[in-house]
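Here is a short report on a two-chain structure. Keep the model open beside the text and follow each part in turn.

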Amino acid sequence: MKKEITVKINGEKRKIEVRPTEILLDVLRDTLGLKSPKCGCGRGDCGTCAVLLNGKSVKSCLVLAIEVDKQEVTTLEGLMNDGLLEVQEKMLEGNSFQCGFCAPGFVVMSHELLEENPKPTKEEIKEALSGNLCRCTGYTPILEAVEKTCGCKE
Amino acid sequence: MTIINDFDYIRPTNLKEVFKLLNQNKLAKLLAGGTDLIGNLKEEMVKPKLIIDIKSIKGLNKIKYAQNELFIGALVTFDDLIHSKVIMNKCPVVMEMAKTVASKAIRNRATMVGNICSAVPCMDSGAILHVYEASVVVSDGKKKWDVPVKKWFKGPRKTILKKNEMVMGVKLAIPKGNHSGVYMKLGRYKGEDLAQATCAVIMSKKEGVKISFGSVAPTPVRAITIEKFLKNNLLNDQTIAEIKKMVENEISPIDDIRASKEYRIHMVKVMLERSLKIAHERLNGAGVVYGTNHL
């Protein structure tokens, strides 16, 4: 049976109907048309479905849509309301991605890191992004883009 | 991946309602962070008829310290443990453990109490709770009682918790006077991985050394024989060699996708030696800062 929930999505209050068994990722993509979070593994291993829930990153494949009733969800679309983020500019400059499937997850995680810790070390950047998989690049250009954004040295 | 099994969802705002629902529904499951439960629902390892989300219940997200006892509430996440000032002051090794759990987006959601309720053998919290001789605070709505952690785990994914009961939190016994601790987690690579073996040690002048291993037996194990041996013997090359021999009697690892039995046994010995040395240094005010990855 469907239930109505109220969610603030990317700054906008929305009322949507969900079944208790529906996964947040599926509702974001299929009901709301927000296609930046993607399903890579569906079990919390790959990080490509990362979104912010009340400002903190979660793997949206491991959250029930009904759990976010009266909460605030931000996807990469919402983070880009004012255009590209600085870290995205650096990723573009450094050609950080190839296929790009994992990119939204990496951007969301980088954004959260730089909000919580504007001057992370290289090790802290690696740790913050360690829950995200990329099968194309070998990670170096992604990590370099974040390093350039925060001007970190060691 | 979709969830095929159908269930209803309720998010109560008080405990009374939680216990009423638990008593009325034999096939109910409690939901906190959900990082294990949602995966298990997808894979049909559990098929509840009702999900009771406890995240709106006030007061369960507290970390409190009083008289050498640290209480960690059922909704405290691993990310909370990493950023808690109380933990940093009283038992920073709990933070060191929390930092090794999965990755940021999981730690933001996953709770320590959920970790010990899932009771997967490779859990990170088990060994730490053992060395702090923790108790699990259980309630059935009428009364609350403490279960010593050594009686909590019954086997892989099995605890003594009954269907009408809920865990309110865990209590850690913090040693009197100064103490130090070390947590080591062996994985296949740095970054997000489940443990191949874990080792937790705490050391204090008054209460001696406490040692526990995880991921190398069906449940986390406390190495009592080694602890007793260390009461009467100082740490040196010779005693460390003897301790390493004793490790084999304390653990019973299996071969699996993450490591072989032999590798696990060998590495637990290495980890214990390093942990004891670092714990000793830390007790004397030296040693690497807490939160360091030791392997």
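B:I82 sits in helix 3 of chain B, which covers residues 78-83. The model is predicted. B:I82 counts as partly exposed, because 19 other C-beta atoms lie within 10 Å, and the cut-off for a buried residue is 20 or more. Which residues does B:I82 touch, leaving aside neighbours within four places in sequence? They are B:M95, B:A98 and B:K99. B:M95 is 13 residues from B:I82 along the chain, yet their C-alpha atoms are separated by 4.7 Å.

**Two alanines with positive phi in chain B**

Most residues other than glycine have a negative phi. B:A102 has a positive phi of about 35 degrees and is not a glycine. B:A102 belongs to the loop between helix 5 (92-98) and helix 6 of chain B. B:A119 also has a positive phi, near 55 degrees. Its loop runs between helix 7 (112-118) and helix 8 (125-131) of chain B. Are these alanines buried or exposed? B:A102 is buried, with 21 other C-beta atoms within 10 Å. B:A119 is buried too, with 22.

| Residue | Other C-beta atoms within 10 Å | Class |
|---|---|---|
| B:I82 | 19 | partly exposed |
| B:A102 | 21 | buried |
| B:A119 | 22 | buried |
| B:M184 | 26 | buried |

Chain B is divided into domain 1 (8-53), domain 2 (63-173) and domain 3 (179-283). The centres of domain 1 and domain 3 of chain B, taken over C-alpha atoms, are 36 Å apart.

Chain B has an open sheet of 4 strands in the order 11-12-13-14, with antiparallel pairing. Strand 11 (179-186) and strand 14 (221-222) of chain B are the edges; each has a single partner strand, so one side of each lacks a neighbour in the sheet. Strands of a sheet pair through backbone hydrogen bonds, either parallel or antiparallel.

How many bridges join strand 12 and strand 13 of chain B? Strand 12 (residues 197-204) and strand 13 (residues 208-214) of chain B pair over 7 bridges, in the antiparallel sense. B:C199 has B:F213 of strand 13 as its bridge partner.

Two helices cover parts of this sheet. Helix 12 (residues 261-283) of chain B packs on the sheet and touches strand 11, strand 12 and strand 13 of chain B. Its direction makes about 25 degrees with that of strand 12 of chain B. Helix 10 (residues 224-232) of chain B lies across strand 13 and strand 14 of chain B. Helix 10 runs at about 160 degrees to strand 13 of chain B.

B:M184 is in strand 11 of chain B. It is buried, because 26 C-beta neighbours lie inside 10 Å. Leaving aside neighbours within four places in sequence, the contacts of B:M184 include B:T198 and B:C199, and also B:M271, B:R274 and B:S275. B:H294 and B:L295 are in contact with B:M184 as well. B:S275 is 91 residues from B:M184 along the chain, with 7.3 Å between their C-alpha atoms.

**Where the chains meet**

The contact takes 23 residues from chain B and 22 residues from chain A. On the side of chain B, the elements giving two or more residues are strand 1 (8-10), helix 2 (37-42), strand 3 (50-53) and helix 6 (104-107). That side divides into 9 nonpolar, 7 polar and 7 charged residues.

**A hairpin and a helix in chain A**

Strand 1 (residues 3-9) and strand 2 (residues 12-18) of chain A run antiparallel, joined by 7 bridges. A:V7 stands opposite A:R14 of strand 2. The two strands form a hairpin with 2 residues between them. In the turn, A:N10 has a positive phi of about 50 degrees.

Which residues of helix 3 of chain A are buried? In this helix (residues 86-93), they are A:V87, A:Q88, A:K90 and A:M91. Seen down the axis, the buried residues of helix 3 of chain A fall within an arc of 160 degrees, so they line one face of the helix. They pack against helix 4 (103-116) and helix 6 (140-150) of chain A. On the other side of helix 3 of chain A, A:L92 and A:E93 are exposed. Just after this helix, A:N95 takes a positive phi of about 50 degrees.

Key
Residues are numbered from 1 along each chain as its sequence is written. Chains are lettered from A and ligands numbered from 1 in the order in which they are written. This is a predicted model: local features need pLDDT of at least 70, side-chain atom pairs count only at pLDDT 80 or more; totals for chains, interfaces and linings use all residues. Domain bounds come from an automatic or database domain assignment. Two residues are in contact if their C-beta atoms, placed from the backbone, lie within 7 Å. Ala, Val, Leu, Ile, Met, Phe, Trp, Tyr, Cys and Pro count as nonpolar, Asp, Glu, Lys and Arg as charged, and the others, Gly among them, as polar. Two strands pair if DSSP finds at least two bridges between them. Axes are lines fitted to C-alpha atoms, for helices over the stretch in contact, and angles run from 0 to 180 degrees between N-to-C directions. A residue is buried if 20 or more other C-beta atoms lie within 10 Å of its own, exposed if 12 or fewer, and partly exposed in between; C-beta atoms are placed from the backbone. The arc is that of the directions from the helix axis to the C-beta atoms.
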